[in-house]
Every structure is written in C-alpha cells, then in structure tokens.
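Colleague: I'd like to learn how to read a few features in a structure. Could you take me through some, one at a time?

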Amino acid sequence: MAKKTAAGNGKSLVIVESPAKARTISRYLGRDFMIEASIGHIRDLPQGAKEVPEQYKGEDWAYLGVNVKENFDPIYIIPPEKSKQVKKLKTLLKDAAELYLATDEDREGEAISWHLCQVLQPKVPVRRLVFHEITEEAILDSLQHPRQIDENLVRAQETRRILDRLYGYEVSPLLWRKVRPRLSAGRVQSVAVRLIVERERQRMAFVCATYWDLLGQFAKRTDEKFQATLVSADGRKIPSSRDFDAASGKLKDASCLLLDERAVQQLRQRLQTADFRVTKVEEKPYTSRPYPPFTTSTLQQEANRKFGFTARRTMQVAQSLYENGHITYMRTDSTNLATVAINAARDLVASQYGREFLPDQPRLYRTKVKNAQEAHEAIRPAGHPFDVPDALRSSLSAEEFRLYDLIWKRTIASQMADARGRRTTITVEGDGTVFQVSGKTIDFAGYLRAYVEGSDDPEAELADREAILPQVTVGEPLDCRGLEAKSHTTQPPSRYSEATLTRALEEMGIGRPSTYASIIDTILARKYVTKRANALIPTWVAFAVSQLLEAHLPRLVDYSFTAKMEDELDAISRGELAHLDYLKGFYFGNQTPGLKEQLAHKVDEIDARDVCRVLIGKPEGDSGPVYVRVGRFGPFLEQGDRRASIAEDVAPDELSLEKALELLSKSELGDEPLGHCPDTGKPVYLKTGRFGPYVQRGDADDKDKQNASLLKGMTPETLDIQTALKLLTLPRELGRHPESNEPVMVHNGRFGPYVKSGEETRSLPEQISPLDIALPQALELLAQPKARRGGAARKEPIKVFAESPVTKQEVKLLEGRYGPYVTDGQTNASLARGADPQQLTFEQALDLLAARAEKAPPKAAHKKATKKKTTAKKAPKKKAAKKKAAKKSAKRGEE
C-alpha cells in the first residue's frame with residue numbers, strides 16, 4: 001500500500017477514466033483511498049469557432065485550434081459538460097495526501113493522466129499506476145511499482161491529435177466546396193473510403209464468365225460412393241474460376257478446354273459407356289497450428305464473423321468486461337501472454353481436455369508490433385486461474401458472456417497441441433477424361449477441440465471439416481453411377497465487411513486497431529458507405545471524394561504514406577523522433593511539399609464537374625459517354641443533355657451501362673405526358689426519382705407543379721391518366737366531422753395512407769384505398785381506439801422468449817407493419833431483411849436489441865416524465881438539442 005503523508009485527511013486520490021472501472025478498483029483498495037472517474041478526457045481541442053478562447057479569435061490559425069506559427073501549440077479547452085467533474089476532482093484533491101493516476105496504459109490513457117496534472121495542478125506527490133487487468137493482484141502490484149507519466153507517449157498522442165486536426169480541418173472545406181457540404185476528410189477514414197471504393201471499381205469492371213464441367217458419381221464394387229469433378233478431357237485442362245481474366249472474362253490460357261452446355265452434354269453422352277478406374281491415390285499428412293490469442297483487431301474480426309457484432313459493439317462489450325475485471329486490457333496489438341497466463345491456460349488444457357492435448361513446451365507468440373513500449377499482453381481472461389465461462393454466466397449479459405467465452409476458448413486453444421490429419425486426392429480416368437476428388441481426415445483434433453475460427457460449435461465444425469473418402473487402390477475399376485453437367489459463373493471480388501476492412505487496414509499498417517470502430521462509424525454516418533447485410537457499399541459521394549483526393553491530393557490517400565505515418569508516431573512514442581520536427585515536415589514540408597503547399601490554389605485548380613462525375617461507359621455509336629454525376633441533392637445519370645434519376649438503393653456495381661441507358665430512355669419517355677388534367681389543362685407526367693416512381697402535374701418550370709407518389713402495389717407499367725389524376729387529389733377532403741366540425745382528410749404519407757381530422761389520425765387498412773374511401777368509412781376508422789404504433793390491431797407474438805436482463809420484461813418477436821421485430825418492452829429492433837423469424841434465438845434477439853439500443857437508447861421513464869413537463873420547459877431543451885445537433889453535424893472529420 002502507498003505510504004500516507006500528513007497532508008489533507010491522509011487519503012490518497014485515485015483517478016481512473018470511467019465509473020465502472022472506479023467501482024471495480026474500489027473492491028481492492030481500502031478506506032485509505034478515494035476512487036473517482038475523470039469520465040474520459042477532460043480537455044480537448046475546440047470543436048468550432050465558438051469554443052475558441054477570445055484571445056485567439058483574431059488569429060488566422062484559430063479555426064484549427066492549433067498555433068501552427070508557434071511550435072504547433074494546441075489550444076486546449078475544458079468542454080462545458082466536463083466542468084462539473086473537473087470541479088469535483090479539484091475538491092477531492094484538496095483533501096488528498098497523494099494523487100494516483102490509474103488511467104489506461106496506452107497513449108490515450110497516458111494523455112488523460114497528463115491533462116489531469118495540467119488542469120488539477122496537484123501540490124501533493126503524483127504517481128502513475130499502470131496495469132493491464134483489473135484484479136486485486138494487478139492493482140496492488142501497481143501500487144508497489146508506480147512510475148511517472150511517460151512524456152514520449154503523451155507527445156505521440158498529442159501529435160496524432162494535432163495531425164488529425166490539421167488533416168481534417170484543412171481538407172474537409174475543400175470537399176464542401178467541390179463535392180457537397182458537411183463532408184469530412186480524415187487521415188485514416190479517407191484511406192478506408194478509398195479502399196472500399198477501389199473494391200467497388202473492381203466489381204464494376206469485372207466481366208463474368210460461364211463455364212461447364214461434369215460431376216461424376218463413382219462407386220466401388222462394395223457400393224461405397226464418392227463424387228469427383230472433371231479436371232481434363234482429351235489432354236486439355238478444364239478451367240476453374242481462377243483461369244479467367246477479371247477484366248475481360250476471357251481465358252488466360254488458350255490451351256484450356258472451355259465447354260459450353262452443348263459440348264458438356266455431348267461429352268456426358270460419350271462417357272455413358274466408358275470404363276473408369278483409379279489411376280492415382282495421393283495422401284499427404286498435414287499439421288494445423290493454433291491461432292494466437294486475440295489482439296484488438298482479431299477480436300473485432302472474429303466477433304463480427306461469429307456474432308455479427310459491429311466493431312463498435314465489440315469494443316463496448318470488451319470494455320465492460322475489462323472494467324469489471326473479467327479480461328485484460330482490450331486495446332492491444334500484442335499476441336504475447338504473461339507466464340502466469342500461459343501456466344493458467346496449460347492447467348486448464350490438462351484438466352478440461354486431457355494431457356494429450358497439451359504440448360511439451362509452452363507456446364510463445366511473437367507480435368508484429370514495432371512499438372515494444374506499448375506491446376502489452378494479448379486479450380485474455382483476467383487473473384489466474386481463469387474463470388471458466390459457465391461460472392460467470394449468471395453475472396454477465398448475453399453479449400458479455402458470448403464474448404468472454406470466445407476470448408476464453410481462443411486463449412486456451414493457443415496453448416493446445418497441433419491438429420494433425422491427412423489430405424487424400426483420388427484421380428479417376430476413363431475414355432480420355434480425368435476426374436479428381438480431395439478429402440481430409442482429422443487424426444488428432446488438438447486445439448480444434450476447443451476453438452475453430454468462425455464457428456460457434458467446434459464439435460460440429462470438426463465433423464463438417466472432415467471429408468472422408470473410401471479406401472481405393474491404383475488400378476481398381478469403378479462404376480460410374482451418374483454424370484451431372486454443372487454450370488459455373490465467375491464471381492467478382494467480395495465487398496469489404498467490417499471484419500475484412502479491419503483486417504485489410506491492419507495488414508497495411510494503416511491506423512490503430514483501437515480506432516477502427518470509430519472510423520467505420522464515421523464513414524457510415526457521413527454516408528460515404530451504406531451497409532447491406534454485412535457488406536460495406538460505397539455511395540457515389542464516396543466515389544467523388546476519392547476521385548478528388550486521388551487526382552489532386554494523392555499523397556494524402558497513399559497507402560504506404562499513411563502507414564509510414566503510423567510508424568513515425570510509434571517512433572515519437574519511443575523518443576526516437578522529435579514531434580515538432582515531424583509536424584513541421586507534415587504541414588509546411590521538408591524535402592516534399594507539406595499539407596499547406598499541397599492545398600494551395602486547389603480551390604481554383606479543381607473543376608467540381610470533373611471530380612463529381614463517374615464514367616459508367618461509352619455505348620457504341622456517337623451517342624457519347626454515360627456518367628453518374630454527384631449533385632447537391634443526390635446522384636443522377638447524365639449523357640449529353642439527357643438526365644435520369646438513380647434510386648438510392650442501387651449499388652454502384654449494379655448500375656451497368658445497359659441499365660443506365662435503360663433509365664435514360666425511360667426518363668425521356670417521362671417527358672411524354674400520360675395525358676392532361678381536365679381542370680387545369682396541365683400535362684401529367686410519370687417520373688422516377690430517388691425514392692421511386694411518382695406523377696407530376698405541370699412542367700418542370702411550373703412553379704405550381706404538383707407531385708404525388710404511387711401507392712403501394714402500383715407499378716408504372718399499369719398506371720393510366722385516370723389513376724394519376726386521382727393520386728394528385730391527395731390529400732383530399734372527404735367532408736366535415738359531425739362532432740368537431742373539423743375537416744376529414746385522407747393522405748398518402750411516408751408510412752402509408754391515413755385519415756386525419758384535427759389531431760386524430762388513423763392508418764388505412766390494406767383493403768381500403770385512399771383513392772376510393774368515403775366519409776362514412778373514414779369516420780368509422782376515426783371512432784376506433786388508436787392502435788399502438790406499428791399496427792392497427794394487436795397481434796399474437798410469433799415467439800415469446802425469457803426475460804430481458806436489461807428491462808426484466810419478456811422479450812417478444814412480433815409481426816409489424818414493416819416486417820418482424822423483437823421488443824423488450826422499451827426497445828424495438830427489426831430483423832434483417834430476408835431473415836427467418838422462426839430461426840431467431842434468444843441470444844440473437846438480445847444482440848439485435850443491444851445494437852438498436854446503442855444507436856438510440858430508450859428511456860421510457862424519462863419519456864413519461866418529460867411528457868408531464870410544460871411546453872415552456874420543453875422549448876429550451878429542444879432549442880439546446882438543435883444547437884447541439886447542429887454543432888455535431890458541423891464538426892469536421894478527423895482520423
């Protein structure tokens with residue numbers, strides 16, 4: 001324990017980042033310690049002009065929050081929301097004998113401790129506590145071995161923060177002027193967007209190829225069967241997908257035999273009477289070694305593959321496990337395990353799986369991290385011996401349990417024996433054709449008994465991984481029981497998912513794994529990327545931004561340059577590189593132009609029309625190329641003077657030249673009216689916009705033109721002038737309500753048709769059309785009790801699960817207007833499109849609810865209390881919320 005001094009009340013003040021971490025640490029420290037949270041960073045750079053201190057507002061560099069003229073001195077401010085906590089910490093420090101700074105052991109944690117010292121100005125001894133797990137042993141050991149704040153780590157964090165600020169605040173305004181307002185650029189995010197765009201370009205350029213082969217069903221005389229694939233015929237190789245050129249769809253090797261359907265059927269017919277025999281049996285042993293323990297990146301990837309967790313969700317759950325003392329620190333690049341952890345894992349291997357699964361020597365994993373000073377332990381269960389997952393099941397949430405179980409298994413498996421087996425290839429020949437099949441037999445499961453990457457059930461996965469072939473001998477005749485002609489189409493490269501993007505960034509050395517979650521959040525929030533299932537799809541805005549940066553600021557999105565920046569930040573953290581020299585070189589230049597020089601005159605040089613158009617293709621003839629142009633109000637097609645809207649749900653690779661020409665032709669047809677309105681004489685057109693087809697009365701330059709969306713179930717092909725005119729009557733008055741004398745109106749709203757009178761609204765049932773409804777039907781609907789949002793009538797749940805660990809209410813699977821969803825009484829979460837509700841498990845339901853709550857945490861009690869407040873009390877809050885939202889939206893991208 002720390003020695004007491006005569007100052008204050010004799011207690012020592014321990015400051016950590018979060019209340020959860022403070023609660024856990026308080027279990028191990030006695031009454032001589034006060035534990036309080038800083039609640040993250042207490043200081044930061046100003047987020048906008050309003051936050052810049054008055055004395056700097058006249059400076060030409062003030063918008064950066066960094067004095068680029070005087071040693072890149074940052075302006076630090078205490079955000080208003082942190083003032084109360086800072087005041088509390090100062091009050092506690094007045095009565096303290098010592099100050100212990102127990103923030104996380106990485107650069108961010110070191111910087112938080114440094115800022116605390118700068119703001120609190122302690123007059124008592126200050127010590128830095130460092131530990132990578134929150135256990136009693138680790139906490140007490142850190143008290144016995146405190147250190148000082150590492151200035152090199154602080155400088156590295158501050159340099160990164162300044163670097164990201166300069167990049168974001170200097171480059172983002174260029175995007176606002178040349179592409180679209182409120183976009184952001186960032187040192188890592190812009191490179192991540194470029195990666196995703198490049199993958200989509202590969203998909204757009206990809207030319208599919210179709211090829212055929214035969215699948216033969218062969219059997220021994222003992223009736224043991226197996227299938228084999230045709231690999232050559234008449235001495236020529238049958239191609240596979242890798243034999244085709246992605247850009248042309250043609251064979252790379254002309255000697256291959258490309259079969260079409262007719263040729264493969266002829267070959268099939270020829271082989272009906274052929275004699276087949278085994279010509280080769282090749283068996284090779286193999287060894288598979290266990291995966292290293294988790295780093296931040298590999299944990300994010302595996303949680304995404306196994307559970308569908310986003311990177312953000314994985315880090316939140318891992319942080320909770322760490323702060324409650326269940327796992328070691330979750331932001332790490334290291335695969336190293338401490339000796340006590342290795343011993344704990346080996347003990348569990350012997351007791352849980354048997355000594356035959358234990359290698360003779362402990363396994364040691366070497367990390368790829370260059371910065372040894374920050375190469376902490378891998379992510380593993382905290383303490384020793386490790387808590388087995390089942391022992392913690394009752395104290396963890398469903399998500400926490402799943403992630404802890406994953407970390408536990410990976411850690412244990414990393415100290416288990418290799419898996420061993422045999423790979424067998426059988427070659428069968430007959431009438432000039434060669435068929436082959438490969439199989440795999442696992443002789444000893446080794447580490448696979450505990451952990452199989454990408455699988456929740458190692459036992460089931462082991463069974464799936466085995467492909468056992470019958471015993472055959474060379475020369476043995478086989479019966480051909482059937483030949484099936486199979487068609488194959490080559491596939492474009494897969495889009496990035498969160499897991500594969502994380503892996504790509506880490507492999508390229510771009511960014512830090514601990515920041516990947518926030519990077520992915522940013523590119524989704526800025527609408528550079530959308531998600532379809534698990535795939536990340538770039539928007540046309542992402543194409544425009546990438547084109548601008550690649551053409552005019554190529555160094556800023558160069559992969560090797562960005563990776564080198566990480567190496568240089570690491571060098572600063574080790575004290576090998578002066579941070580000021582580095583910042584001067586980046587901003588003002590050294591042997592190469594700096595950021596300032598690269599941006600000079602770009603506003604005048606860049607033609608917005610060039611960077612905001614993407615070539616789709618050039619049709620044959622003289623009609624001119626077809627482009628997608630990114631406009632202020634959305635993307636659209638352009639070919640000369642022709643224009644056409646693009647639906648928002650069309651991915652870039654789905655917009656082929658043929659599809660684009662079809663849309664342009666339809667748009668031209670839209671210039672021919674369906675007919676004319678008998679009341680106004682104006683033409684009525686059928687149009688297609690970003691949100692689908694609609695009708696328009698009046699020409700484009702008519703200030704009084706009127707639009708109306710098509711109703712659900714209507715198609716442009718079947719729409720006539722009479723129906724279009726009816727749509728244009730909406731909203732229409734049906735009459736007056738007999739009790740209130742308010743008009744009764746029928747509308748076609750965003751979520752479907754409804755009737756309204758005064759403040760009362762009711763959705764129309766599917767069988768009633770807003771074009772045909774009469775006043776009596778509307779009054780009947782308005783007289784009915786208002787249904788809960790999401791359905792006119794209460795339906796029986798599809799499934800009822802156990803109680804939610806959060807709300808203590810039953811979790812139910814219900815059918816809503818827009819599809820099935822789960823609810824825990826406070827939060828509703830829709831199922832993914834196409835998901836089978838009957839296959840949904842309780843754990844999956846909890847995951848959906850947690851992900852939804854993360855985006856918009858519900859507070860039912862707060863909502864009820866808010867309803868009771870007067871309008872006068874609400875108004876200031878609304879105003880403040882709007883102000884906060886505006887401030888947030890204006891914030892420029894960093895990283």
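Predicted model: local features only at pLDDT ≥ 70, side-chain atom pairs only at ≥ 80, totals over all residues.

Colleague: Which residues is Leu163 in contact with, leaving aside its neighbours within four places in sequence?

Modeller: Arg187, Met565, Leu569, Tyr582, Leu583 and Phe586. Leu163 itself sits in helix H5, residues 151-178. Helices (H or I, at least four residues) and strands (E, at least two) are DSSP runs, numbered from the N terminus.

Colleague: Is Leu163 buried or exposed?

Modeller: Buried means under 20% relative accessible area, exposed means over 50%, and partly exposed is in between (1.4 Å probe, protein chains only). Leu163 counts as buried because its relative accessibility is 0%. Thr539, in the loop between strand S15 (535-538) and helix H16 (540-552), is buried too, with a relative accessible area of 16%.

Colleague: How do I describe two packed helices?

Modeller: You give the angle between their axes and the distance between the axes. Axes are lines fitted to C-alpha atoms, for helices over the stretch in contact, and angles run from 0 to 180 degrees between N-to-C directions. Here, helix H8 (residues 296-307) packs on helix H12 (residues 398-413) at about 120°, with the axes 11 Å apart. That angle makes H8 oblique to H12; under 35 degrees is roughly parallel, over 145 roughly antiparallel, 65 to 115 roughly perpendicular, and the rest oblique.

Colleague: Which residues in H8 meet H12?

Modeller: Thr298, Leu299, Glu302, Ala303, Lys306 and Phe307 do, and across from them in H12 are Arg402, Leu403, Leu406, Ile407 and Arg410.

Colleague: And strands? How many bridges join S16 to S17?

Modeller: Two strands pair if DSSP finds at least two bridges between them. Strand S16 (residues 613-617) is joined to S17 by four bridges, and they run antiparallel. Leu615 stands opposite Tyr627 in S17. On S17's pairing with strand S18 (residues 634-639), there are five bridges, again in the antiparallel sense, and Arg629 has Phe636 in S18 as its bridge partner. S17 and S18 form a hairpin, with two residues between them.

Colleague: How many of the residues of S17 are buried?

Modeller: Six of six, in a strand covering residues 626-631. Val626, Val628 and Val630 point one way, while Tyr627, Arg629 and Gly631 point the other.

Notes
Residues numbered from 1 in each chain as written. Heavy atoms only, no water. Contact = heavy atoms within 4.5 Å.
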